[in-house]
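Okay, thanks everyone. Let me put the model up, and then we'll walk through how the two chains meet.

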Amino acid sequence: MIQIKAIIADDEEPLRTYLRSLLSDVWPDLIICGEARNGREALELVEKHKPHIAFLDIKMPGLSGMEVAKKIGKACRVVFVTAYDRYAVEAFENEAIDYLLKPVTRVRLERAVKRLRKQIDAPHEQPQSDITEVTERILAELKEREAREYLQWIKVQRLDGILLVPVEEVCYFKASDKYTMVMTEEGESLIKKTIRELSDDLDPNQFWRIHRGTIVNLSRIAKVSRSLTGRGAMRLKDRPEILTVSRSYMHLFRQM
Amino acid sequence: MAMEIKSDHINLKRFISSLALTAVFNTIIAIFLTILEFGEGFVLNLIFSQCIGLTICSFVLAAHKLFFTDNIAIRMIIFITAMTAGSVAGTLLGAAITGVTRSIFFEKNISFIHVVFIGILFGSIISYFFFSREKISQIQGQAKEEKIKRLSSEKRVLEANLKLLQAQIEPHFLFNTLSNILSLMDSDLDKGRSMLADLIHYLRTSLSRSRGDLVTMAQEMEMVRAYLNIFKIRMGDRLHYTIQIPDRMKDHPFPPMLVQPLVENAIKHGLEPGIEGGDVLIRVIEKGDFLELEVTDTGLGLLEKREFGIGLSNIKERLKSLYGDKGRLVLEENRPTGLKAIIEVPLDTDKGNHRR
């Protein structure tokens with residue numbers, strides 16, 4: 001009978017030790033051929049030892065457990081270990097991927113081991129879902145969620161360093177050639193970004209364009225009045241100047 | 001959203017209601033003038049007063065709309081010009097409608113100027129009435145807006161409290177820490193025990209503190225230390241931390257749960273995701289009349305699209321309510337890497353009395 005080999009990857013040392021000792025209890029024949037402290041080390045170990053099983057923590061520095069699994073592909077069976085990740089766990093359930101919840105209990109580990117043994121003994125009857133494809137899908141979904149995120153910070157260069165201004169503190173942005181003026185309650189600063197680049201990154205529920213060169217923070221508007229020429233005059237809560245709303249953007253302020 | 005949006009619809013409605021009210025006034029003026037035996041009978045007076053009154057009203061409203069400005073003097077000039085023009089135009093209109101010619105004006109010893117002047121006189125009185133009415137509704141509107149503002153800020157504070165409470169017992173933190181403790185029960189009982197003690201200390205202090213109370217700097221730092229100790233065991237060599245606080249500052253009062261979110265952020269976004277980890281430095285510095293508390297990490301820094309979580313706005317809100325303009329939170333990039341968060345509060349506050 002062949003010796004079954006496994007690796008354990010987790011950035012937290014006590015958890016690696018614990019899983020190792022639990023495994024030695026539950027599956028004494030299993031050989032743990034290496035422990036990894038991050039995703040990159042896990043990949044190296046897989047290449048070096050060609051283990052049958054990889055226990056991968058999901059949240060690891062460098063590469064996450066899921067990214068590692070995607071790269072491993074069919075080289076070995078993957079068991080994910082996670083403390084709390086509702087979305088991932090849901091996905092694993094649907095795709096019949098092996099996973100363990102932290103803290104790992106003996107009962108739960110025994111069940112997982114039983115399954116793993118069966119799979120390894122009869123790989124054709126118990127095929128594991130194609131981990132590359134599944135993780136790719138999950139990662140794509142996660143990435144898409146991330147991509148939908150909007151700008152949260154404006155990095156402003158100051159004499160003594162770079163200041164981070166949260167976008168919600170910006171009253172409005174004003175185009176200034178290739179740059180943009182960031183107007184806040186406290187003052188104004190110039191950033192090296194065009195207003196067009198900015199407008200793509202800003203949350204459209206918080207920032208509206210009101211003029212070719214102006215993007216305003218909705219929560220900072222005090223009042224908009226309309227002139228007979230069709231343009232609008234906008235007053236702000238925390239800044240004295242009056243902004244012009246182009247005719248083509250006035251429809252935004254029609255009766256709600 | 002607390003913003004006033006004037007639509008065409010509302011403007012038109014207001015315009016018509018102003019005209020209607022003016023018409024009522026015009027009728028009263030016509031009756032009044034007739035009683036005084038001014039002019040050529042009630043019907044003629046009524047026609048003239050309606051023409052003049054309604055024209056003035058339209059002119060003034062239009063001028064207000066077209067040349068809106070904040071300058072009171074310019075507004076006054078625009079108003080007087082519109083009123084005079086309206087009165088002249090209204091009188092001419094009245095003359096055209098009734099067919100009253102120059103000669104009749106002369107015959108009755110009423111000059112054109114007279115009529116225009118009477119128009120301006122009554123126009124001023126009525127305009128004054130309109131302006132007062134506008135002002136009252138504006139003041140009422142402001143009061144209403146204030147109220148909405150206050151209520152929504154109260155709501156925000158409540159939500160922030162709830163979120164803070166949830167953040168303190170963040171599941172990922174709790175499960176991971178408990179897993180570590182469970183693991184240490186087998187391998188290193190002493191370490192496990194001390195980690196459990198730290199977790200208890202952290203949970204007890206963070207959950208039991210009422211956010212209104214001030215605690216001492218030392219108490220707050222003890223809690224942060226417990227939190228950092230937990231991560232020290234979890235992250236091992238990847239985390240180093242230093243807390244520097246001058247002895248005389250230890251009894252200084254400080255609002256609770258302001259530092260913890262900054263430390264949490266430093267670990268969660270700065271150090272944990274990096275293979276190398278890094279350092280956390282917490283420093284308390286006196287700067288003139290101000291006290292500065294810095295939380296610096298040497299981690300990955302803040303990405304532009306990364307949310308800071310509930311911590312930041314919560315801290316800002318609380319600093320504002322506690323210290324007004326004198327308390328602030330500044331975030332800077334740390335060199336060469338990482339993030340530096342600085343809380344600045346006045347050294348001497350009335351709140352200092354709470355210790356007695």
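I'll start with the ground rules, then go through the interface, the sheet and the helices.

So, this is a predicted model: local features need pLDDT of at least 70, side-chain atom pairs count only at pLDDT 80 or more, and totals for chains, interfaces and linings use all residues. Residues are numbered from 1 along each chain as its sequence is written, and chains are lettered from A, ligands numbered from 1, in the order in which they are written.

Chain A has seven helices and 15 strands; those are DSSP runs numbered from the N terminus, H or I with at least four residues for helices, E with at least two for strands. Buried residues make up 37% of its 256 residues, where buried is 20 or more other C-beta atoms within 10 Å of a residue's own, with C-beta atoms placed from the backbone.

Now the interface. 40 residues of chain B are in contact with 40 residues of chain A, contact being C-beta atoms, placed from the backbone, within 7 Å. Which helix of chain B gives the most to that side? Helix 6 of chain B, with twelve residues. By type, the chain B side divides into 18 nonpolar, ten polar and twelve charged. Nonpolar here is Ala, Val, Leu, Ile, Met, Phe, Trp, Tyr, Cys and Pro; charged is Asp, Glu, Lys and Arg; the others, Gly among them, are polar.

Seven strands form an open, mixed sheet in the order 6(A)-7(A)-7(B)-8(B)-6(B)-5(B)-3(B); strands pair if DSSP finds at least two bridges between them. At the edges are strand 6 of chain A and strand 3 of chain B, each pairing on one side only.

Last, the helices. Helix 8 of chain B packs on the sheet, touching strands 3 and 5 of chain B, at about 170 degrees to strand 3 of chain B. Angles run from 0 to 180 degrees between N-to-C directions, with axes fitted to C-alpha atoms, for helices over the stretch in contact. Its 19 residues should span 27 Å at 1.5 Å a residue, and the end C-alpha atoms are 26 Å apart, which agrees; the expected span is 1.5 Å times one less than the number of residues. After helix 8 of chain B comes G236(B), with a positive phi near 60 degrees.

Note on methods
Two residues are in contact if their C-beta atoms, placed from the backbone, lie within 7 Å. A residue is buried if 20 or more other C-beta atoms lie within 10 Å of its own, exposed if 12 or fewer, and partly exposed in between; C-beta atoms are placed from the backbone.
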